[in-house]
Amino acid sequence: MKRKLKIYLPFINAGIQEVATYRVNWIFYMLGNALACFVSYFIWKAVYSSGGTDTMNGFTMSQMVVYIVLMFLTSTIIASDGAWVVGEEIRDGSIAMRLIKPVSYNATFLFQELGNKLPTEFALAIPMIFAVEVIRTTMSGEIQFSILGLLLYILSCIIAYLINFYFNICFGFIAFAIKYLWGANMMKNCIIGFLSGTVIPLAFLPDALEKLFLFLPFASLNYTPIMIYMGKYTGTELLYYLGLQIFWAFFFFALSKALWKAAVKRLSVQGG
Amino acid sequence: MIYVDKLRKEFKKTIKDPGLKGSIKSIFKPKTIKVIAVKDISFEVAEGEILGFIGPNGAGKSTVIKMLTGILTPTSGSCTINGKNPTENRRNYVREIGVVFGQRTQLWWDLPLRETYSVLKEIYEVPDDSYKKRMAFLNEVLDLDSFISSPVRTLSLGQRMRADIAASLLHSPKVLFLDEPTIGLDVVVKDNIRRAIEYINNQEKTTVILTTHDLEDIELLANRIVMIDKGTNVFDGSISELKTKYGQFRELYFETDSPNPVNILNYENHFNFKPDELNIKAEGKTVKLSFNSSIVPVSDMLSYTLGKINVSDISVKDADIEVIIRRMYKHGENL
């Protein structure tokens, strides 16, 4: 284990340095995300003010604001480019350069991406969590921050990231069959945006749909960590959702291994 | 060391009728055909040998290399390198090989070159002191110091290729695969890289498999040639064997003051050469011709030429391997 870590740690290091190379790109990426966050805020503000009620499906407007900010934070934390990167490497044949090294294909991606993400996470998480707490405290008049909630949220985010990472790797392997993934990737992102509660909280959906979506792996990506942070899951419910997250993480981990074994035999390195 | 037995690779290729109509049709009803890229190739390479692997574009060279390095899985047949099967336990197998693809890079594009080596050091678990020694050695052979702190994307092609070769040698592999390592390089860098390959082969008995389109690489480096065309093996042997078997060709250069020397000499009719057996290039005063010396001995050719016209300078040399191979590429197996 220690030896393995020593092999893959340099990938984190290299990942961080990659981000440092393209700082301006990174800043624009963050600004773009923040903008989307504001758009979302104004839409919900309009919905609440035209609805005439303070509470919608268990969410007050202040909770909705918290939800939006947390959604922004969580989706940045768990974001994974895997599908796109794997698809591109298969398409242009550079996957060959990873195959000639004595390392696990998936693990090099995982650690490299962690390196790419770590600067973002730290730059974002601290001010965002602070902002969330300021909003919550001023709107409700009392301090709601709990250390346990935060720790559970972090744990849940880590599992969510692993689910997302391995799901995306699996998805990327589709490129072995269809060669170019751009279209499929767009479709996937839209569907997941809806299924994971990024577009609207799952609590706003009809009961049957909500139950189904909560069980699907995509709720484990965004919705579960947010609900945990907001303190909406407690006791056995909390354990159930964390357990479900772990289940999905293992499921996609195993699936990615199996798909890789099957796919690598079909590999036809394109070009050169 | 390396045994390749009836290696075969088939691809499915989607074919599409021309134009928009064809594109739409192929979305709904794709037609696939089977392409045999490598057709039952067999050869062996001994330890410490440098094998030149040549063939025209699309002959299947790269596909063979990709199967030998464990990137592609053969459709049938087998290859054993160092007693290991590349596709069976890839991660274990690739520890013992080094690979360079001239058209791609294994270096970390956005990072200073040095970082790539420190990542590779961990991947191959090279201990600190041997890493230092190795880097000093590679630096001596490939002269990396001047650009080791620059990001890889800023390197020139020649620097990048040297860096790539160093990266493939960091873990002292037993077998080195070089797929077109001199592609697009200038003469000086080519020379530098050739010397490095030769030196490492000499020093460490590294087995080298080299594909290239630059026949000078082959002549200077390779002990043996395997030539493939359309996926099959057409020649396997040393360069001198290639020359004696196919290359009874000699090249004759001379300078003359006579106008129109080619017409005066009229070799074709005088010696009854078939079109394949003679090739003449005349440019102003100089004439360069290559001919098959098993049809007409060099001495006859010389005395005939000197008897017919006034020659100011003349020389004969062994046919360039290029001449032979150009003929082989044209004719394939039917030679």
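Predicted model: local features only at pLDDT ≥ 70, side-chain atom pairs only at ≥ 80, totals over all residues.
1. B:Lys6 is found in strand β1 of chain B, which covers residues 2-15; helices (H or I, at least four residues) and strands (E, at least two) are DSSP runs, numbered from the N terminus. Although B:Lys6 is not a glycine, its phi is positive, at about 45°. With 14 other C-beta atoms within 10 Å, B:Lys6 is partly exposed; a residue is called buried if 20 or more other C-beta atoms lie within 10 Å of its own, exposed if 12 or fewer, and partly exposed in between, the C-beta atoms being placed from the backbone.

2. Residues are numbered from 1 along each chain as its sequence is written, and chains are lettered from A and ligands numbered from 1 in the order in which they are written.

3. B:Ser172 lies in the loop between α6 and β6 (175-179) of chain B, and it is partly exposed, with 15 other C-beta atoms within 10 Å.

4. Helix α6 of chain B (residues 157-169) contains B:Asp164. Is B:Asp164 buried or exposed? B:Asp164 counts as buried, because 26 C-beta neighbours lie inside 10 Å. Leaving out residues up to four places away in sequence, B:Asp164 touches B:Val100, B:Thr105, B:Gln106 and B:Leu107, where contact means that the C-beta atoms of two residues, placed from the backbone, lie within 7 Å. B:Arg224 is 60 residues from B:Asp164 in sequence, and their C-alpha atoms are 24 Å apart in space.

5. B:Ile71 has its place in the loop between α2 (61-68) and β4 (76-81) of chain B, and it is buried, with 26 other C-beta atoms within 10 Å. Between the C-alpha atoms of B:Ile71 and B:Gln203, which are 132 residues apart along the chain, the separation is 28 Å.

6. Chain B as a whole has 13 helices and 13 strands, and buried residues make up 37% of its 335 residues. Its C-alpha atoms fill a box of roughly 70 × 55 × 40 Å, taken along the principal axes. Of the contacts in chain B between residues at least 6 apart in sequence, 74% join residues at least 24 apart.

7. Chain A has 12 helices and two strands, and buried residues make up 33% of its 272 residues. A compact globule with 272 residues would have a radius of gyration near 19 Å, and the 20 Å of chain A agrees with this; the radius is taken over C-alpha atoms, and the globule rule is 2.2 Å times the number of residues to the power 0.38. The C-alpha atoms of chain A fill a box of roughly 65 × 40 × 35 Å along the principal axes.

8. At 1.5 Å a residue, its 36 residues should span 52 Å, and the end C-alpha atoms are 49 Å apart, which agrees; the expected span is 1.5 Å times one less than the number of residues. Even so, α6(A) bends by about 35° at A:Lys117, with the proline A:Pro119 following within four residues; the bend at a residue is the angle between axes fitted to the seven residues ending there and the seven starting there. Buried residues in α6(A) include A:Phe109, A:Lys117 and A:Arg136, and what covers the buried residues includes α1 (2-21), α3 (61-78), α4 (82-92) and α7 (147-172) of chain A. Just after α6(A), A:Gly141 takes a positive phi of about 85°.

9. Where the chains meet, 21 residues of chain A are in contact with 26 residues of chain B. On the side of chain A that touches chain B, α1(A) gives the most, with eight residues.

10. Finally, the largest nonpolar core has 131 residues, and those with the most contacts inside it are A:Leu70, A:Ile163, A:Tyr166, B:Leu51, B:Phe177 and B:Leu210; such a core is a set of buried Ala, Val, Leu, Ile, Met, Phe, Trp, Tyr and Cys residues joined through C-beta atoms within 7 Å. Helix α7(A) gives the most to this core, with 13 residues.
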